[in-house]
Amino acid sequence: MYTLSASPHIHSNLSVKKIMWDVIIALVPALGMGIYFFGTQVLYPVAISISTALITEAIISKIRGRKTISNGSGIVTGLLLAMIIPPDVPLWLPAVGTACAVILGKEVFGGLGRNIFNPALIGRAILVASWPTFMTTWLAPQSGWFRRIDAETCATPLAIVKLNLAQELPSHWSLFIGNVGGCIGETSAFALLLGAIFLFIRKRISWHIPVSYIGCVALLSWIFGRNGLFTGDALFSILSGGLILGAFFMATDYVTTPITPKGKIIFGLGAGIIVVLIRLKGGYPEGVCYSILLMNAVTPLIDRWKWTIPKKFGEINA
């Protein structure tokens with residue numbers, strides 16, 4: 001005898017908690033490189049950001065009578081927010097940013113699974129708009145695990161290009177390992193790629209958004225070089241700023257990105273175009289944050305576009 005039941009009929013052992021902890025593990029190498037180049041002081045904003053996320057979620061969960069704090073999403077939101085802020089910010093800044101990320105980026109929509117924007121990027125956008133000086137002051141990297149005595153500031157590689165500063169651009173190798181100015185967790189492409197490989201092996205992310213996103217930025221950056229057509233440095237564009245962190249860890253968010261493979265590719269291409277437009281024509285040297293948020297906004301349209309909707313089983317063209 002067979003038992004008939006309502007859909008869904010396909011079950012999986014995959015859970016939100018497992019996904020979140022895999023993301024946390026995947027971010028550890030990038031955090032480690034951030035500590036190495038910017039000192040152990042970066043652990044303070046990281047700890048404050050994660051603590052604020054957990055406390056904020058606990059309060060809201062208590063008010064709503066739901067238990068969501070144990071699924072790890074609060075830790076991921078806090079950790080990601082800490083990874084995309086400068087290393088030497090005042091310690092109240094990550095607290096404010098994380099509270100905004102959790103409340104305005106997630107809970108105001110009904111909680112995890114209902115948010116339309118990436119929460120951590122909402123927090124960063126608010127911080128950049130409210131305290132631009134703190135969010136654009138960068139600590140110079142220095143090899144070592146402990147806090148430096150004399151903190152030096154520097155410009156990011158993208159800012160050197162954008163503002164035509166009289167400074168030598170870092171080598172591709174420095175960009176790859178993370179020996180450049182930038183946010184805590186975005187500078188080391190090497191460490192971020194290690195985390196991305198882990199997520200691919202665990203089948204937590206697919207190739208569609210990262211490849212289309214990074215590929216689009218590389219192609220357009222090469223075509224529309226600052227010295228004329230087909231003169232751009234595609235590798236510099238890929239390794240600079242937060243492109244790799246955004247492509248593998250934020251643009252692949254299950255909730256805020258399209259469902260189908262075609263939709264994911266459209267999302268990646270759109271985000272790539274926006275990044276290049278902002279970097280070339282916008283006021284900011286970087287555009288990853290706003291590119292993902294803008295594409296988050298059009299995700300419902302992409303999911304409903306006829307071209308991206310898969311055929312129903314047994315459907316034939318008329």
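1. Throughout this note, a residue is called buried when its relative accessible area is under 20%, exposed when that area is over 50%, and partly exposed in between, with a 1.4 Å probe and protein chains only. By that rule Gln41 is buried, because its relative accessible area is 5%. Gln41 lies in the loop between α1 and α2 (43-64), and a polar atom of its side chain lies 3.0 Å from the backbone oxygen of Phe38. Such a polar contact is a pair of N or O atoms within 3.5 Å, where within protein one atom must be able to donate a hydrogen and the other to accept it, and where residues adjacent in sequence count only if both atoms are side-chain atoms.

2. On the basis of the numbers: this is a predicted model, in which local features need pLDDT of at least 70 and side-chain atom pairs count only at pLDDT 80 or more, while totals for chains, interfaces and linings use all residues. Residues are numbered from 1 along each chain as its sequence is written, and side-chain values use heavy atoms, with hydrogens and water left out.

3. As to the overall fold, the chain has 14 helices and four strands, these being DSSP runs numbered from the N terminus, with helices (H or I) of at least four residues and strands (E) of at least two. Of the 318 residues of the chain, 51% count as buried. Among contacts (heavy atoms within 4.5 Å) with a separation of 6 or more, 74% are between residues 24 or more positions apart.

4. Helix α5 (residues 119-130) has twelve residues, and its first and last C-alpha atoms are 17 Å apart, close to the 16 Å expected; the expected span is 1.5 Å times one less than the number of residues. Nine of the twelve residues of α5 are buried, among them Leu121, Ile122, Arg124 and Val128. The cover over the buried residues of α5 includes α3 (73-83), α4 (92-105), α6 (132-135), α12 (243-250) and α14 (288-304).

5. The buried residues of α13 include Gly263, Phe267, Ile274 and Val275, together with the charged side chains Lys264 and Arg279. Elements covering the buried residues of α13 include α7 (157-162), α10 (208-223), α11 (234-239), α12 and α14.

6. The largest pocket holds about 540 Å³ of space. A pocket here is found on a 1 Å grid over the protein atoms alone, as an open set of points with protein on both sides within 12 Å along at least five of seven lines, and lining residues have an atom within 4 Å of a point. Grid points are joined across faces, edges and corners, and the volume is the space filled by probe spheres set on the points. Of the 36 residues that line the largest pocket, Arg124, Trp138, Thr156, Pro285 and Glu286 lie nearest its centre. α5, α7, α12 and α14 each supply at least two residues of this lining, and α7 gives the most, with four. The lining divides into 22 nonpolar, ten polar and four charged residues, where Ala, Val, Leu, Ile, Met, Phe, Trp, Tyr, Cys and Pro count as nonpolar, Asp, Glu, Lys and Arg as charged, and the others, Gly among them, as polar.

7. The second largest pocket has a volume of about 460 Å³ and is lined by 25 residues, of which Ile19, Met20, Val76, Asp253 and Tyr254 lie nearest its centre. Two or more residues of that lining come from each of α1 (16-38), α3, α5 and α12. By class, the lining of the second largest pocket has 16 nonpolar, six polar and three charged residues.

8. Two loop residues deserve a look at the backbone. Asn164, in the loop between α7 and α8 (172-177), has a positive phi near 55 degrees although it is not a glycine, and Asn164 counts as exposed because its relative accessibility is 69%. Lys203, in the loop between α9 (189-201) and α10, likewise is not a glycine and has a positive phi of about 60 degrees; at 70% relative accessibility, Lys203 counts as exposed.

9. Ile223 is found in helix α10 and counts as buried, because its relative accessibility is 17%. Leaving aside neighbours within four places in sequence, Ile223 is in contact with Gly228, Leu229, Phe230 and Thr231. Ile223 and Ala234 are eleven residues apart in sequence, and their C-alpha atoms are 8.8 Å apart in space.

Definitions and conventions
1 Å grid on protein atoms, 1.4 Å probe; cavity = no way out; pocket = protein on both sides within 12 Å on 5 of 7 lines; lining within 4 Å.
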